[in-house]
Amino acid sequence: MEENNNSTQWDLWEVFTQKRTGAPHEHAGSVHAPDKEMALQNARDVYSRRGEAINLWVVPSEAIVANQPEDVGNFFEPSNDKIYRHPQFYKLPKGVELE
Amino acid sequence: MDGINKVLFEYCLRLGDSSLIAGQRLAEWCGHGPILEEDIAMTNMSLDLIGQARTFLTYAGEIEGKERTEDDLAYLRDTMEFRNVLLVEQPNGDFAVTMMKQFFFSAYLFLLYKELSNSKDATIAAVAAKSLKEVTYHLRHTSQWILRLGDGTDESNKRTQDALNDLWMYTGDLFDMDTVDAELIKAGIACDLNKIKQEWQAMITEILTKAKLNIPSPDTWMMKGSRTGKHTEYLGYILAEMQTLQREYPGAKW
């Protein structure tokens, strides 16, 4: 992440919300906050003000590692050109019904 | 209104008006918050408080039995008829003043609603129990800010200490009691404010000390008067803004 010492903005935090027990935490967006407790409170106010979540995670944005756009080729394409990797490649035996 | 209804009406106005004016003051920050997240936090708190006010004022109207609605009570009464505590009508000032005001008030409501959730009046008990969850969050949010502002930079500490010094004289009014309280405490409806006063002091002392702020002397002169409708000059301006639409276009609806 690029350092910007002139910035008056607080650190950025990514917010993940869980909608019900057992459901995965899903990325909801981001908030600015000076520390983790305020990040949690800001996340609550911005992303769960109408009861959208039962649990929240906040993660410093800089802790997230993402692949570079130029990685698209070597990261993802190999799995697309082998059709037997996809379930559609296999024919269902007679008598088996899809839910 | 017979005896008990008369004091119960008065008591509901005190509860409703305090939340209403606190909510109106916080709403003044809408679009002016220091950052977007805090703007939303303050307006969330404002909406919680206005929600509480609506229920208490609706109930007050029912008790009075003159078919006055929550809107009639909020928009068509004058300064002297308002019963909100003096603290909440004080100007927002800078962010430190707003947070200090809200911190004092949230700690007060937290203790008050905790007591009132055991009230023998079923409506008051229900509203208090529901609102307790809201003010618990308000207290958490404002406490966190006081800690950060007090124990922050030299400037933030100075501004927060100034806010504390300026607002302190309005905190005595929060716990002022009269015959309305006495009668309703006897009936098991109201909260004995003397009881929660000690807890309130302990609660705020803990946070303020951690925040490296000096608590003013307990002998400070305290301004009182909200119980009888004697307000500071600021309430009139709040009402002028809040009531202007309903006064200019009587009966106007969304």
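A residue counts as buried here if 20 or more other C-beta atoms lie within 10 Å of its own C-beta atom. By that criterion, buried residues make up 43% of the 254 residues in chain B. For the 99 residues of chain A, the buried share is 17%. The model is a predicted one. Chain B contains 10 helices and 0 strands, while chain A has 2 helices and 3 strands.

**Chain B: overall form**

- The element pattern of chain B, read along the sequence, is α-α-α-α-α-α-α-α-α-α. Chain B has a radius of gyration of 18 Å, close to the 18 Å that the globule rule gives for 254 residues, so it is as compact as a globular protein of that length.
- Taken along the principal axes, the box filled by the C-alpha atoms of chain B is roughly 55 × 45 × 30 Å.
- Of the contacts in chain B between residues at least 6 apart in sequence, 75% join residues at least 24 apart.

**Chain A: overall form**

- From the N terminus on, chain A runs β-β-α-β-α.
- The radius of gyration of chain A is 20 Å, whereas a compact globule of 99 residues would have one near 13 Å.
- The C-alpha trace of chain A spans about 60 × 35 × 15 Å along its principal axes.
- In chain A, 42% of the contacts with a separation of 6 or more are between residues 24 or more positions apart.

**Helix packing in chain B: α5 with α7**

- Two packed helices are described by the angle between their axes and the distance between the axes.
- Helix α5 of chain B covers residues 95-116 and helix α7 of chain B covers residues 154-167; the two pack at an angle of about 50 degrees, and their axes are 8 Å apart.
- The crossing of α5(B) and α7(B) is right-handed.
- On the α5(B) side, the residues that meet α7(B) are B:Ala96, B:Val97, B:Met100, B:Lys101 and B:Phe104; on the α7(B) side they are B:Arg159, B:Thr160, B:Ala163, B:Leu164 and B:Leu167. Sorted by class, this contact of α5(B) with α7(B) has 7 nonpolar, 1 polar and 2 charged residues.

**Helix packing in chain B: α6 with α7**

- α6(B) also packs with α7(B), at an angle of about 125 degrees and with the axes 7 Å apart.
- Angles of 65 to 115 degrees count as roughly perpendicular and those over 145 as roughly antiparallel; α6(B) and α7(B) are therefore oblique to each other.
- B:Ile146, B:Leu149 and B:Gly150 of α6(B) meet B:Ser156, B:Asn157 and B:Thr160 of α7(B). The residues of this contact of α6(B) with α7(B) comprise 2 nonpolar, 4 polar and no charged.
- B:Thr160 is among the α7(B) residues that meet α5(B), and B:Thr160 is also among those that meet α6(B).

**Contact between the chains**

- Chain B brings 8 residues to the contact and chain A brings 11. On the side of chain B that touches chain A, α2 (36-64) and α6 (122-150) of chain B each supply at least two residues.
- The element that gives the most to this side of chain B is α2(B), with 4 residues.
- By class, the residues of chain B on the side that touches chain A are 3 nonpolar, 3 polar and 2 charged.

- B:Glu134 lies in helix α6 of chain B.
- With 21 other C-beta atoms within 10 Å, B:Glu134 is buried.
- B:Glu134 and B:Asp48 are 86 residues apart in sequence, and their C-alpha atoms are 6.7 Å apart in space.

- A:Asp11 is in strand β1 of chain A, which covers residues 11-18.
- A:Asp11 has 16 other C-beta atoms within 10 Å and is therefore partly exposed.
- Leaving aside residues up to four places away in sequence, A:Asp11 touches A:His32, A:Ala33 and A:Pro60.
- A:Pro34 is 23 residues from A:Asp11 along the chain, and the C-alpha atoms of the two are separated by 6.1 Å.

Technical notes: Residues numbered from 1 in each chain as written. Chains lettered and ligands numbered in written order. Predicted model: local features only at pLDDT ≥ 70, side-chain atom pairs only at ≥ 80, totals over all residues. Rg over C-alpha atoms; globule rule 2.2 N^0.38 Å. Buried ≥ 20, exposed ≤ 12 C-beta atoms within 10 Å, placed from the backbone. Contact = placed C-beta atoms within 7 Å. Axes fitted to C-alpha atoms, helices over the stretch in contact; angles between N-to-C directions. Left-handed = near helix turned anticlockwise from the far one by under 90°. Nonpolar A, V, L, I, M, F, W, Y, C, P; charged D, E, K, R; others polar. Parallel < 35°, antiparallel > 145°, perpendicular 65-115°, else oblique.
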